[in-house]
Amino acid sequence: MKHDDDAHLIEVDSKTVFAITRPDDNLFYLYFIYCLLSNIAFPIVFLPLYFRFKTLRYRFDNEGIAVSHGILWRQETYLTYSRIQDIHVSRNIFERWLGLGTVQIQTASGNSSAEEAIVGVRQYNEIRNFLYSRMRGQKVGAAAQPLVAVEQSVDDMLAGIRDELRVIRELVEGKRHV
């Protein structure tokens, strides 16, 4: 079994996530399975899920995520990355069988359930990693570059302190000999 303990630290190309605009086609089969499990309520359950599948759209941009769906009652949600508090990936047995996952996004709205969910996508790990990096306000890979610059400036600062201490020591030793 594969474990990805530090999967949230893996850098994701933002173009991969920005290209996701629709759920995977296997989401339709997942909804069909849910309808079959509803038995005699199949037509009542199938129509809303079918229209949800057909109208579900995602849009990732530099500021946030937009999710929209619906025909008669169109619902559109836009979450900025700065509002995201927590991210969960869930996959039930049918989603795992179809290779799908759901990314649940929570905000500080006080609601215990997820504010928004990105359902039926194969790139659930990439989306989770992308959202982690965006909610921190930076790219994961970009964090290493400033540390190098800081280390160099600390080295320069310490070398300057060393040089000044040498000069002071030479002055103090020079006064002792006078």
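Visitor: Within what distance of each other do the axes of α2 and α3 come, and at roughly what angle do they cross?

Guide: This is a predicted model, in which local features need pLDDT of at least 70 and side-chain atom pairs count only at pLDDT 80 or more, while totals for chains, interfaces and linings use all residues. Residues are numbered from 1 along each chain as its sequence is written, and side-chain values rest on heavy atoms, with hydrogens and water left out.

The axes of α2 and α3 come within 9 Å and cross at roughly 165° (axes are lines fitted to C-alpha atoms, for helices over the stretch in contact, with angles from 0 to 180 degrees between N-to-C directions). That angle makes α2 roughly antiparallel to α3 (over 145 degrees; under 35 is roughly parallel, 65 to 115 roughly perpendicular, the rest oblique). On the α2 side the contact (heavy atoms within 4.5 Å) is made by L27, F28, Y31, F32, Y34, C35 and L36, and on the α3 side by F42, V45, F46, L49, Y50, R52 and F53. The crossing of α2 past α3 is right-handed (the near helix is turned clockwise from the far one by less than a right angle).

Helix α2 itself covers residues 26-37 (helices are DSSP runs of H or I, at least four residues, and strands are runs of E, at least two). Its 12 residues reach 17 Å from the first C-alpha to the last, close to the 16 Å expected at 1.5 Å a residue (1.5 Å times one less than the number of residues). After α2 comes N39, whose phi is positive, near 60°.

Within the helix, N26, L27, L30, Y31, I33 and C35 are the buried residues (under 20% relative accessible area; exposed is over 50% and partly exposed in between, with a 1.4 Å probe and protein chains only).

Strand β6, residues 116-121, leads on to β5, to which it is joined by four bridges in an antiparallel arrangement. Across these two strands, I105 stands opposite E116 in β6. Six of the seven residues of β5 (residues 101-107) are buried, so this strand is largely enclosed by the rest of the structure.

Notes:
Two strands pair if DSSP finds at least two bridges between them.
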